[in-house]
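Welcome! Let's learn together how to read a few side-chain contacts.

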Amino acid sequence: MYTPKLFISCPMNGLTDEMIKANREKMHKIAEIVFDKKLEVIPSYIIPAGEVPEGAMTPLWCLGRSIQMMSEADYYIGVNAFYDYDYPGCVIENNVAHNYGLRTYFVDSSILNLPKKDLHYEKDNIK
């Protein structure tokens, strides 16, 4: 019997592996409640270890791989970020999931274990 697949998009920059795994597990549980289904998680947490071609931008390379993996998803859960300079990969993944018709749910970032936002940092990095 087919188990529907879930793509989880969550912030990773500045987080430890343990924090990322805990956030992903929390989002997985939320998705199963919201969608009322047992969901198989697509292993989209990429640690590129030597896979990134020389000269490539690692975060962008990982984003490209994650979007490729998203093509296998039936459901999507992400952080409620659509214009957030702190989570640019999440913003792109959210838009891809929405624009390509995946069943989606967005959680507020406050429920996750994330570094505190530095408002001064945000202001200085707006272009």
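**Reading side-chain contacts**

A: Buried means under 20% relative accessible area, exposed over 50%, and partly exposed in between (1.4 Å probe, protein chains only). This is a predicted model, where local features need pLDDT of at least 70, side-chain atom pairs count only at pLDDT 80 or more, and totals for chains, interfaces and linings use all residues. Residues are numbered from 1 along each chain as its sequence is written, and side-chain values use heavy atoms, leaving out hydrogens and water.

Q: How many salt bridges does the structure hold?

A: Side chains of opposite charge can pair when their charged atoms come close. A salt bridge is a side-chain nitrogen of Lys or Arg within 4 Å of a carboxyl oxygen of Asp or Glu. The structure holds 1 salt bridge: Lys5 pairs with Glu72, and their closest N and O atoms are 3.9 Å apart. Lys5 is partly exposed at 22%, and Glu72 is partly exposed at 44%.

Q: How many aromatic pairs are there?

A: Rings of Phe, Tyr and Trp (its six-membered ring) pair if their centres lie within 6.5 Å; planes under 30 degrees apart count as stacked, over 60 as edge-to-face and the rest as tilted. There are 3 aromatic pairs here. One of them, Phe35 with Tyr75, is tilted, with 4.6 Å centre to centre and 45 degrees between the planes. Phe35 is buried at 9%, and Tyr75 is buried at 7%.

Q: Which rings are linked into a cluster?

A: Phe7, Tyr76 and Phe106 are, through ring pairs.
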